[in-house]
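This report describes selected features of one structural model. The sequence and the structure are shown first, and the description follows.

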Amino acid sequence: MSILVVGSVAFDSVKTPFGEREHILGGAAMYFSVAASFFADVRLVGVVGDDFSAEHEAVFKERRIDISDLERVKGQRSFHWKGEYGFDLNVARTLDTQLNVFADFKPKLSNVARQANYLFLANIQPALQREVRQQLNPRIVAADTMNYWIENDRKELLETLKGVDLLIINEAEARELAGEANLLKASRRILTMGPSRLIVKRGEYGAVMFSDSSYFAIPAYPLEDVFDPTGAGDSFAGGLMGYLAATNASDEAAMRRAVIYGSVMASFNVEEFGVDRLRRLSHEEIDERFKTIKEMTHFGDSDAPRRSFLAGD
Ligand code: AMP
């Protein structure tokens, strides 16, 4: 089964407490597609400028990601994001956003793109997400969004959510979208907006999945070295959708495994700057980490031991 992703392919300037990089390949759709490509065929819809060279194209080619729907605009630069993280790596501070080619982006889907069975709407303007959504009829539609759209484009976002099956957002976004501080209550409210499942990313604390009838929480893979959290959310979504597309399953058990694969892919992504770690990743490493998370969260069956009280105590 094939996956279509629409979203940013960008150049990022990132500073973390462990170092900084200028103008490295980034973007939500880039991180998503590289992660998902370990599991299934991926096709990317987006836009870049003149600064996107053969060297950047190679990242997609080596993962066999189809970028024939990646539009190139002459005489303009690609989207640029500059961000910084403090010691709390769960919180990114955006220092600068230059839309460049993204300002007038109108996603153009080829006939092949419209045949995709799985669709990921990465974090872009909700009206654009909807425009893409309406052009195809996939088995599963997943989406991300951010505080900016929740605060400034709420009406459009709510309209878009009506056509989304899985909403994959972080904890602060879930609370803000629902207008509710308690995450369980927030999830109930969000599940009336369209999605049948809400997946809440909680950075180094893991992820939680909610549906009307189930609740599933996992810790993150414990890492000693986290260098750059950029793209963690998108590589999480890539692993999750990649697994679903590869197995063509969407029952509760498959969804739970998909969340774990999402977590596995995010854990590798944050080990190095940009997409460097994912470029070197092997299937054996993915399998090993999946098994470790399984063992880490398994605690067997037991009834609570009972203390007995003797007569006369
Ligand atoms: P994540 O860390 O998973 O939330 O995603 C980070 C990526 O999203 C970076 O590579 C950025 O280039 C990209 N990004 C940041 N802000 C935006 C935005 N407003 N629209 C689209 N992409 C963005």
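Setting aside residues within four places in sequence, His-56 is in contact with Phe-11, Leu-25 and Asp-51. The model that shows these contacts is predicted. His-56 belongs to helix H2, which spans residues 54-62. With a relative accessibility of 12%, below the 20% limit, His-56 is classed as buried. Its side chain also reaches the backbone nitrogen of Ser-53, at 2.9 Å.

**The open sheet**

Four strands make up an open sheet of mixed pairing, in the order S3-S2-S6-S7. At its edges lie strand S3 (19-26) and strand S7 (92-98), each of which pairs on one side only. On average, neighbouring strands of this sheet are turned by 15° against each other, direction ignored. Strand S6 (residues 79-85) pairs with S7 in the antiparallel sense, over 6 bridges. Within this pairing, Gly-83 has Thr-94 of S7 as its bridge partner.

**Salt bridges**

Side chains of opposite charge can pair when their charged atoms come close. In the whole structure, a search finds 19 salt bridges.

| Residue | Partner | N to O distance |
|---|---|---|
| Arg-43 | Asp-69 | 3.1 Å |
| Glu-84 | Arg-93 | 2.9 Å |
| Glu-271 | Arg-289 | 2.9 Å |

Arg-43 forms its salt bridge with Asp-69. Because Arg-43 lies in strand S4 (residues 41-48) and Asp-69 in the loop between H2 and strand S5 (70-72), the pair ties together parts that are 26 residues apart in sequence. Arg-43 and Asp-69 are both buried.

The side chain of Glu-84 meets that of Arg-93 in a salt bridge. Glu-84 has a relative accessibility of 21% and therefore counts as partly exposed.

Glu-271 and Arg-289 form a further salt bridge. This pair links distant parts of the chain, 18 residues apart: Glu-271 is in the loop between helix H9 (252-269) and helix H10 (276-279), while Arg-289 is in helix H11 (residues 283-296). Glu-271 and Arg-289 are buried. Through salt bridges that share partners, Glu-271, Arg-277, Glu-285 and Arg-289 are joined into one network.

**The ligand surroundings**

Which residues are the closest to the ligand? Of the 17 residues that surround the ligand, the closest are Ser-8, Asp-12, Gly-27, Gly-231 and Asp-234. The side chain of Ser-8 has an N or O atom 2.9 Å from a nitrogen atom of the ligand. For Asp-12, a side-chain N or O atom is 2.5 Å from an oxygen atom of the ligand. The backbone takes part as well: a polar backbone atom of Gly-233 is 3.2 Å from a ligand oxygen atom.

Asn-117 is placed in the loop between S7 and strand S8 (118-121). Is Asn-117 buried or partly exposed? Its relative accessibility is 24%, so Asn-117 counts as partly exposed. When residues up to four places away in sequence are not counted, Asn-117 touches Met-1, Ser-2, Pro-138, Arg-139 and Ile-140. With Ser-2 there is also a polar contact, in which the backbone nitrogen of Ser-2 lies 3.0 Å from a polar side-chain atom of Asn-117. Asn-117 and Leu-240 are 123 residues apart along the chain, and their C-alpha atoms are separated by 14 Å.

Key
Residues numbered from 1 in each chain as written. Predicted model: local features only at pLDDT ≥ 70, side-chain atom pairs only at ≥ 80, totals over all residues. Heavy atoms only, no water. Helix = DSSP H or I, 4+ residues; strand = E, 2+ residues; numbered from the N terminus. Buried < 20%, exposed > 50% of the residue type's maximum accessible area, 1.4 Å probe, protein only. Polar contact = N/O pair within 3.5 Å; in protein donor to acceptor, adjacent residues only side chain to side chain. Contact = heavy atoms within 4.5 Å. Pairing = 2+ DSSP bridges. Axes fitted to C-alpha atoms, helices over the stretch in contact; angles between N-to-C directions. Salt bridge = Lys/Arg side-chain N within 4 Å of Asp/Glu carboxyl O. Near = heavy atom within 4 Å.
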